[in-house]
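Dear colleague,

Please find the structure we spoke about just below, followed by some notes on what was found in it.

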Amino acid sequence: MQAWRVHRNGEPSEVMRLEETDRPTPGDGQVLLKVLAANINFPDALLCRGQYQVRPPLPFTPGVEICGETPDGRRVLATPALPNGGFAEYVVADEAALLSAPDALDDAEAAALHIGYQTGWFGLHRRAHLQAGETLLVHAAAGGVGSAAVQLGKAAGAKVIGVVGGPEKAKTAHELGCDLVIDRRSEDIVAAVKEFTGGRGADVVYDPVGGDAYVKSVKCIAFEGRVVVVGFASGVIPTPALNHALVKNYSIVGLHWSLYNAKDPAAVRACHEELTALAAQGVIKPLISERVALDGAAAAVQRVADGTSTGRIVVLAGGAR
């Protein structure tokens with residue numbers, strides 16, 4: 001089969017190679033899946049760079065989530081078992097963790113539903129307890145993670161402020177349904193949030209960026225607000241001033257979604273049922289900006305690494321619909 005392999009760490013476009021290799025062999029409790037579509041996540045770029053929290057042995061295949069087909073023809077969502085990731089024609093995955101692909105979504109959309117939307121749902125509901133009528137501030141609102149949070153925030157009845165970089169991404173955020181869009185390159189985030197909220201500030205901040213995004217967020221957080229720390233796409237891990245959190249009376253909560261697979265798998269399945277229902281109602285739908293063939297995966301991962309993409313880029317394998 002064909003698979004993208006990384007033999008040394010570096011930038012995705014430089015270190016990913018499309019090679020002929022053997023199909024992976026399922027172990028106990030695993031199943032061989034035919035890859036229909038593989039969604040590109042920022043962690044795929046970090047894996048290539050050797051900067052992710054998990055460092056699979058070289059050589060490895062990146063690709064942390066897919067929509068695949070079981071030997072008996074079922075369409076499922078899976079997180080492939082590294083080092084044999086999803087940018088390949090076949091993967092193996094833990095059978096107990098497979099989730100049914102929603103009928104309302106095609107293969108590319110289904111491949112992009114799992115990690116980003118689960119992260120958004122757990123972050124907004126389980127960690128931040130977002131309520132209808134509250135104001136949600138989403139950083140990188142036109143990106144893959146941010147766009148999911150925007151849709152889930154609107155589904156929860158919140159007013160959503162989206163922060164983006166540049167007019168093209170601002171247009172995307174407006175189309176996603178943001179009540180206010182702030183271009184961080186040309187506008188003052190703190191002033192805009194305070195004006196929109198009548199001086200109160202944002203009740204919940206969803207931050208997959210870190211760095212300056214976090215610094216600006218805590219300057220416009222509401223009384224009893226909650227900052228959900230999702231990741232550090234900026235490359236800068238902020239150092240919270242805990243005296244500031246005390247004085248302004250807000251909470252800083254972390255979200256490591258994959259821990260729920262080990263600590264509370266029933267909650268993951270319950271979340272998937274909720275997401276499937278929302279997809280069937282048309283309330284949420286992954287924003288797919290590009291669908292690329294398998295041979296275009298390395299260049300596509302590089303675009304995600306560089307932050308030039310909007311929504312999700314999905315790699316289509318043979319037979320995808």
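V218 counts as buried because its relative accessibility is 8%, where buried means under 20% relative accessible area, exposed over 50% and partly exposed in between, with a 1.4 Å probe and protein chains only. This is a predicted model, in which local features need pLDDT of at least 70 and side-chain atom pairs count only at pLDDT 80 or more, while totals for chains, interfaces and linings use all residues. Residues are numbered from 1 along each chain as its sequence is written, and side-chain values use heavy atoms, with hydrogens and water left out.

If neighbours within four places in sequence are set aside, V218 is in contact (heavy atoms within 4.5 Å) with V227, H244, K248 and Y250. The C-alpha atoms of V218 and V164 are separated by 17 Å, and these residues are 54 residues apart along the chain.

S217 is also worth a look. At 0% relative accessibility, S217 counts as buried, and its side chain makes a polar contact with the side chain of H139 at 2.7 Å; such a contact is a pair of N or O atoms within 3.5 Å, where, within protein, one must be able to donate a hydrogen and the other to accept it, and residues adjacent in sequence count only if both atoms are side-chain atoms. A polar atom of the S217 side chain also lies 2.7 Å from the backbone oxygen of A213. Not counting residues up to four places away in sequence, S217 touches L137, H139 and V205.

Best wishes
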